[in-house]
Amino acid sequence: MDRMELQKVNTDIDDDSNSGESIEDGYCKDMDSEKVTINSQFADEDAESQKFLTNGMGGKKKLDDYTEEHHPGTTSFGMSVFNLGNAIMGSGILGLSYAMANTGIVLFVVLLLAVAILSLYSVHLLLKTAKEGGSLIYEKLGEKAFGWPGKLAAFISITMQNIGAMSSYLFIVKYELPEVIRTFMRLEENSGEWYLNGNYLVIFVSVGIILPLSLLKNLGYLGYTSGFSLSCMVFFVSVVIYKKTQIPCPLQGTGLNEHKDNNHGSGVEFEAHTDDKCKPRYFVFNSQTAYAIPILAFAFVCHPEVLPIYSELKGRSRRRMQNVSNLSIAAMLAMYLFAALFGYLTFYGEVQDELLHTYTKVYTFDTLLLCVRLAVLVAVTLTVPIVLFPIRSSVTTLLFPGRPFSFLRHFLIAFILLAFNNTLVIFVPTIKDIFGFIGASAATMLIFILPAAFYLRIVKKEPFRSPQKIGVRLINVSFLNILKKVIIELLY
């Protein structure tokens, strides 16, 4: 029997369901990173996966501990909220101001609330489907719903999402590491030296830091980076809000050296603009507006992590886990809104697709921004190996089932994955293209389309023509059409 499968159904009545208590899972780990699915559908076959993150926040769990007995959750409500919030929060927050600049404040807020509400609703569908389907593994639900094609669709979506997350993290290295080096060397501008070239630096970081960490069989100590990463993003949002009070108007690169205002400190350089360029816009429709929904979808992906967190929730029930999701998504919604709003109101139409990089248009040297950059760089660099691991684990057991561990294979898969992601980062023009494509494809599938499809296929207790299932079908069809239109818009 698959040790990731459910071992026993508790027959206690759930608070919000007449069909029994939520399904229990036999084996799951706490989450260690946003946008990373620690529990692979092949983890039961991959020997090396049993050693992954065994020293992390959740502690080591032996297979013998998971028997046919009921396995109670051990993670508190508050820690579950923290874990899910960390799973939601990621590099997507850096692109939200750009999305607001290309939709307007009102339209952005409407879209942000809509995506958050639909994310919560899809969590509800996912929890209900897990109970009826008898599994707490996203890919296993796909297999129960549609057989091998469903499992493959879930696997491809999760793998694409993880590759997109890795690429976005490496993009941050490409953007921010040259600025950190330039600031340390007190250079007024990029002199074109190789050590200020982001393409070279991302390769050096990948080969010198990320690849060695990815070759370890036990990355447990990296589990603590989840809390550090979330703290970095809170720090980032605080700095964005503070800097809004320091910068009077968005700046254009052509005017950086024309005038300096010493009243704002840190070498702020700015140019006077007309009032029109410094007024917020509430509705915007242009060629970049199509990126808004994919960026928002990318920012809210957490659904593969919902079920493992649910399995470890103390005193778990569907209602309790839904409350965890409500608090986590509400907290991230507030952070996203503050980051997007204050970032946009600082730079207006001049905001770039990666907000932190936009500040280079204003500050030559700034200690506070340097600290933010360093913190974010360390966080994303240590997160990439964690994201890489489940992809390699799944590929290994998919292509080499039952084979003994081979360090050469272990190395080659990691090397190929990093080489592929580095190629994307070097040749894809901007991070918004990663946010856009992954958000429009994998993220939309994981948040909206797959949970709804699994629910329609697995949950049999509700009639197919019931109002809820009709609503789910309408949502599914709507997002399939949106997905098609957005991908066409992004490609052409």
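Biologist: Which residue lies over the face of Tyr291, and at what distance from the ring centre?

Modeller: Lys432 does, at 5.5 Å from the ring centre. The model is predicted, so every value here is computed from it.

Biologist: What makes that a charge over a ring?

Modeller: The cut-off is 6 Å from NZ of Lys to the ring centre, and within 35 degrees of the ring normal. Lys432 lies over the face of Tyr291 at 5.5 Å, so the label applies. The charged end of Arg186 sits over a ring too, that of Phe365, 4.0 Å from its centre.

Biologist: What makes helix 14 count as largely enclosed?

Modeller: Its buried residues: 24 of the 28 are buried, so helix 14 is largely enclosed by the rest of the structure. Helix 14 has a kink of about 55°, centred on Met445.

Biologist: Why is the pair of Phe298 and Phe435 called tilted?

Modeller: The centres are 5.1 Å apart and the planes stand at 50°. Pairing needs centres within 6.5 Å; under 30 degrees would be stacked and over 60 edge-to-face, so 50° falls in the rest, tilted. Phe298 lies in helix 8 and Phe435 in helix 14, so the pair ties together parts 137 residues apart in sequence. Both Phe298 and Phe435 are buried.

Biologist: And why is the pair of Phe300 and Tyr336 called edge-to-face?

Modeller: Their planes are at 85°, and the centres are 5.2 Å apart. Edge-to-face means over 60 degrees, so the pair qualifies. Phe300 lies in the loop between helix 8 and helix 9, and Tyr336 in helix 10, so this pair links parts 36 residues apart in sequence. Phe300 and Tyr336 are buried.

Biologist: How many aromatic pairs does the rule give?

Modeller: The count comes to 11. Tyr138, Phe146 and Phe454 form one aromatic cluster.

Biologist: Why is Lys243 called buried?

Modeller: Buried means under 20% relative accessible area, and Lys243 has 3%, so Lys243 counts as buried. Lys243 is in helix 7. Beyond its neighbours within four places in sequence, its contacts include Tyr359, Tyr363 and Asp366. The C-alpha atoms of Lys243 and Tyr359 are separated by 9.4 Å, though the two residues are 116 apart along the chain.

Biologist: How do you know whether Ser325 is buried or exposed?

Modeller: Its relative accessible area is 0%; the cut-off for buried is under 20%, so Ser325 is buried. Ser325 is found in helix 10. Leaving aside neighbours within four places in sequence, Ser325 is in contact with Leu84, Leu120 and Val123.

Biologist: Where is confidence highest and lowest among the helices?

Modeller: Confidence is highest in helix 10, at a mean of 94, and lowest in helix 15, at 72. Over residues 1-70 the pLDDT is below 50, although that stretch has 213 contacts in the model beyond near neighbours in sequence. The mean for the protein chain is 77.

Note on methods
Residues numbered from 1 in each chain as written. Predicted model: local features only at pLDDT ≥ 70, side-chain atom pairs only at ≥ 80, totals over all residues. Heavy atoms only, no water. pLDDT = per-residue confidence, 0-100. Helix = DSSP H or I, 4+ residues; strand = E, 2+ residues; numbered from the N terminus. Contact = heavy atoms within 4.5 Å. Buried < 20%, exposed > 50% of the residue type's maximum accessible area, 1.4 Å probe, protein only. Phe/Tyr/Trp six-rings, centres within 6.5 Å; stacked < 30°, edge-to-face > 60°. Bend = angle between axes of the 7 residues up to and from the residue.
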